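This tour is intended for a reader who has the structure open in a viewer. Each stop names a selection and then describes what is found there.

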Amino acid sequence: MGMVDVTELTPGQILESNVVTPNGRLILPKGIALTPSHIAFLHKWGIARVQVQGDRDEDKEVNHELLNRIENYLAPLYACNDMEDPVTRAVYEHAVRRLLARCSSGWIIPEKEPSLPVNDGQLLDSFFAGEFSLQDLVKHDVKLASFPDIYFKIHKAINSPKSTAHYLAGIISMDPSLSAKLLKIVNSPFYGLKSRVDTISRAVAMVGLNELSTLALGISAINAFRDIPRELVDMRSFWAHCVAVGVLARHLGKNFPELSREGLFVCGLLHDIGRLVMFRRLPAISTEAIIYAQSNLLPLVEAERDLLGFEHAQIGAAIFKAWELPEFIAQPIGGHHQDDCFDSLLPAIVHLADFIAIAMAFSEKGSLIAPPLSARACDTVKLTPETLDEILPQAQEEFETIVSAFFAPGQS
Ligand SMILES: [Fe+2]
Ligand SMILES: [Fe+2]
């Protein structure tokens, strides 16, 4: 169809070529089907004309319908956010592109709302509402006896001055499931190693003792929560969200040389573990919080504050302290929903990674509504639409590989 004036564009038309600003920044990629918000975006950027593909009516019809369905699917995730904010807008545009690409490779947009847990009277909390404190909850839930043995061995090895790379590799290698997951992650684009790593001792040599041991600690901590009934939470969706937050946290942190990158993935991986403590100890209130959040279009954390007076982030931090996980992990996890913590880099990074993971719909059945994006966290991390253009394509690829490492058939 050739060049078309932006004032004459209609939703559903396909861009024939990339749209870029005069200084070369990509605004929209070629091949994208235009939505009303894309067209508004082009106006906002002062773009006068763009090149679009042919104008067959039936194509426009199909694409327009698909876009509407994607926009409807994404809309609740953004219910508490300002769509005029440039970073929110940029994440949204990336989410639309991601879902369009997924649809073209056969993914089907779920028709129904995710099924919510139901309390049929069988769910009993360990405490009565209003009659316990955060300390009570944590004190009763530090069930170290149920923790996998490997966790303690790794923990002891990390904290021993006599520990060597060889010794730690030996401990990890005794757990085949953990070793398989670690090797898959170390060989993923996440670490960008040039040659394949087949043994744990080689992995320790390539990525470093601290990095690998923190990763091993994080993955083994997950196993402490394998007993949560699937009627309460879809664990695959839960961990997919957490893996996405880990991958994004690592990318968001890479421009800060003062920040040790080691542990960023694990901070993301374990950031919502307080929710699992809640499912185990307070299944009735946790169920109520999910339903309350969905029916009022609220982020889950706000529903928890309304119903409980505290939130999963505080529970997570308290548990990690009790388990003696390093402070650099416990501190950002405790603050990832607290705006007054976002002058600090790590809590701000985990908050932003959490927002992006939800807003990009990385987890399909998480019953999640994105918390409001914090302008303070964006300032601290210097997050801009341009940064998102840089990190999101690679983060998506890494997310797919690592999720498959966690959920490969036959692995637990
Ligand atoms: Fe959270
Ligand atoms: Fe989260």
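**First stop: the loop at Leu297**

Please select Leu297, which lies in the loop between α13 (283–295) and α14 (300–308). Helices and strands are DSSP runs, numbered from the N terminus: a helix is H or I over at least four residues, and a strand is E over at least two. The model is predicted, so local features need pLDDT of at least 70 and side-chain atom pairs count only at pLDDT 80 or more, while totals for chains, interfaces and linings use all residues. Residues are numbered from 1 along each chain as its sequence is written, and chains are lettered from A and ligands numbered from 1 in the order in which they are written.

Is Leu297 buried or exposed? Leu297 counts as exposed because it has 12 C-beta neighbours inside 10 Å. The terms are set by the number of other C-beta atoms within 10 Å of a residue's own, with C-beta atoms placed from the backbone: 20 or more is buried, 12 or fewer is exposed, and anything in between is partly exposed. The phi of Leu297 is positive, near 50 degrees, although the residue is not a glycine. Most residues other than glycine have a negative phi.

**Second stop: the loop at Lys382**

Next, select Lys382, in the loop between α18 (375–381) and α19 (385–406). Lys382 is not a glycine, yet its phi is positive, at about 55 degrees. With 10 C-beta neighbours inside 10 Å, Lys382 counts as exposed.

**Third stop: the whole protein**

Now display the entire protein. How many helices and strands does the secondary structure of the protein come to? There are 19 helices and four strands. Of the 412 residues in the protein, 41% are buried. Two residues are in contact if their C-beta atoms, placed from the backbone, lie within 7 Å. Among contacts with a separation of 6 or more, 71% are accounted for by residues 24 or more positions apart.

Select residues 149–159, helix α5, together with residues 209–222, helix α9. These helices pack at an angle of about 155 degrees, with their axes 9 Å apart. That makes α5 roughly antiparallel to α9. Axes are lines fitted to C-alpha atoms, for helices over the stretch in contact, and angles run from 0 to 180 degrees between N-to-C directions. Angles under 35 degrees count as roughly parallel, over 145 as roughly antiparallel, 65 to 115 as roughly perpendicular, and the rest as oblique.

The contact is made by Ile150, Tyr151, Ile154, His155 and Ile158 of α5 and by Ser213, Ala216, Leu217, Ser220 and Ala221 of α9. By class, this contact of α5 with α9 has seven nonpolar, three polar and no charged residues. Here Ala, Val, Leu, Ile, Met, Phe, Trp, Tyr, Cys and Pro count as nonpolar, Asp, Glu, Lys and Arg as charged, and the others, Gly among them, as polar.

Within α5, centre the view on Tyr151. Tyr151 is buried, with 23 other C-beta atoms within 10 Å. Leaving aside residues up to four places away in sequence, Tyr151 touches Leu217, Ser220 and Ala221. The C-alpha atoms of Tyr151 and Ile222 are separated by 10.0 Å, while the two residues are 71 residues apart along the chain.

Move to helix α8, residues 200–207, where Ile200, Ala203 and Val204 are buried. Seen down the axis of α8, the buried residues fall within an arc of 100 degrees, so they line one face of the helix. The arc is that of the directions from the helix axis to the C-beta atoms. The buried residues of α8 pack against α6 (165–173), α7 (176–186) and α9. After α8 comes Gly208, whose phi is positive, near 100 degrees.

Finally, select Leu168 in helix α6. Leu168 is buried, with 22 other C-beta atoms within 10 Å. Not counting residues up to four places away in sequence, Leu168 touches Ala157, Ser163, Val204, Leu209 and Ser213. Leu168 and Leu212 are 44 residues apart in sequence and 9.4 Å apart in space, C-alpha to C-alpha.
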